[in-house]
Amino acid sequence: MAFASALHCRECGREYPIEPNYVCDFCFGPLEVTYDYDAIRKSTSREKISSGPMDMWRYDDFLPVSRENAVNLGTGMTPLLKADNLGKMLGLNNLWLKNDAVNPTYSFKDRVVTVATTKALEFGFKTLACASTGNLAGSVAAHGAKAGMETLVFIPANLEYGKIIGASVYGPTVVTINGSYDDVNRLCSELADNHAWAVVNINMRPYYSEGSKTLAYEVAEQLGWRAPDHVVAPLASGSLFTKIWKGFNEFADIGLIDAVRTTMHGAQAVGCSPIVKAFDSGLMHAKPEVPDTVAKSLGIGNPADAYYVLKILKETGGSAIGVPEDEVGENMILLAETEGIFAETAGGVVISALKRMAKEGRFDPDETVVAYITGNGLKTQEVVASSVHPINIEPNVEAFEEKVLGANSN
Ligand SMILES: *Cc1c(COP(=O)(O)O)cnc(C)c1O
Ligand SMILES: [Zn+2]
């Protein structure tokens with residue numbers, strides 16, 4: 001049973017029926033899903049959630065579709081790992097990593113796509129599509145395959161090889177476009193007007209974005225039913241970030257956790273950091289820019305949810321951190337070497353931001369800090385390729401002693 005009752009405009013509050021619609025006819029504000037929270041309060045409990053399926057669909061009381069119909073590859077309930085090695089280095093006694101690099105298509109995008117695909121089928125769409133910075137393409141392609149839908153993915157032509165292959169392998173039509181993500185998104189919006197497509201991050205966006213709330217629900221449950229003191233998360237369009245905040249607050253409103261006192265911090269690489277620049281200048285709107293960053297998954301120059309991210313940053317006393325481009329790969333390696341997690345570039349951005357904030361004393365040593373690792377390093381190997389040095393030898397003991405032991409002793 002799904003408790004979604006309507007769509008409402010985030011700007012003027014006007015309500016709309018549950019349809020494939022994403023923008024307010026009156027003020028052009030973005031639409032968001034509204035729920036019957038009294039009904040959710042009656043239906044849900046910690047016990048009910050805990051005894052649900054071992055994936056994100058255990059929280060379907062808070063999603064716009066119910067799990068009976070879900071196009072589900074087993075997304076969610078990813079590990080929340082205590083990061084003692086990295087924590088010690090940064091002076092943090094309660095540092096946790098939410099490892100969403102281990103989802104079915106190796107990024108958090110499976111959370112949003114499983115919801116959007118399920119809703120698209122419910123609406124009767126035959127074609128699934130997206131405009132993607134890479135990870136979304138892989139996830140849409142996989143869910144489209146599972147759902148037996150025609151699938152089209154649009155991506156910038158300069159993406160990492162691992163992301164192009166990682167989407168193409170599921171058999172969708174892959175269109176690579178000579179332009180930035182913002183060009184891809186604009187073209188895709190134009191095309192969507194003339195085709196009966198469910199574009200997961202355009203006309204399905206209100207449903208799609210709700211999937212990210214499960215990143216908050218899982219962390220709250222995994223911490224023993226509480227919200228952390230600090231969250232550090234990457235920013236592209238800003239949707240993920242705003243939905244983590246929404247998720248914690250819904251849990252508190254329903255009474256599953258105490259009042260939320262979480263400070264929310266966002267991170268971007270400086271080569272595409274419109275939200276960080278707005279934050280630093282005290283503005284509430286981001287000025288569009290052309291992305292030029294190794295963190296391609298975060299390369300959105302005109303972020304749709306910038307305003308709402310900036311509001312949350314202000315409201316919670318959080319910060320927006322711009323990470324130098326050359327720190328992205330370094331911190332992918334730091335995370336791998338300290339905690340055994342090979343994250344993609346977005347993870348390098350988050351760890352770099354975390355390190356900078358720890359150095360500046362923004363956390364008390366005993367506060368609970370959760371950093372979100374949203375994608376897998378196997379898809380962005382280019383960024384660390386020149387930093388790894390296997391030792392090649394002939395198959396004999398002398399060669400080992402000379403080249404390996406010899407190399408280690410000097
Ligand atoms: C898409 C993506 C993000 C950011 O998503 P938004 O919701 O657009 O802010 C973060 N990390 C990774 C790995 C992504 O693929
Ligand atoms: Zn409106």
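Start by selecting ligand 1: this molecule sits in the largest cavity. A cavity here is a set of points, on a 1 Å grid over the protein atoms alone, where a 1.4 Å probe fits but cannot get out, and sitting in one takes more than half of the molecule's atoms within 2 Å of its grid points. Keep in mind that this is a predicted model, where local features need pLDDT of at least 70 and side-chain atom pairs count only at pLDDT 80 or more, while totals for chains, interfaces and linings use all residues. Residues are numbered from 1 along each chain as its sequence is written, chains are lettered from A and ligands numbered from 1 in the order written, and side-chain values use heavy atoms, leaving out hydrogens and water.

Next, show the 15 residues around ligand 1 (a heavy atom within 4 Å). Lys109, Asn135, Ser237, Leu240 and Thr374 come nearest.

Now zoom in on the backbone. Which distances separate oxygen atoms of ligand 1 from backbone N or O atoms of Ala236, Gly238 and Leu240? You'll find 3.0 Å for Ala236, 2.9 Å for Gly238 and 2.8 Å for Leu240. The protein covers 97% of the 390 Å² of accessible area (Shrake-Rupley method, 1.4 Å probe) that ligand 1 has on its own.

Finally, colour domain 1 (39–71 + 107–207) and domain 2 (80–106 + 209–387), bounds that come from an automatic or database domain assignment. Both give residues to the shell around ligand 1, so ligand 1 lies between them. Their centres, taken over C-alpha atoms, are 21 Å apart. Across the divide, 37 residues of domain 1 are in contact (heavy atoms within 4.5 Å) with 43 residues of domain 2.

How values were computed. Polar contact = N/O pair within 3.5 Å; in protein donor to acceptor, adjacent residues only side chain to side chain. 1 Å grid on protein atoms, 1.4 Å probe; cavity = no way out; pocket = protein on both sides within 12 Å on 5 of 7 lines; lining within 4 Å.
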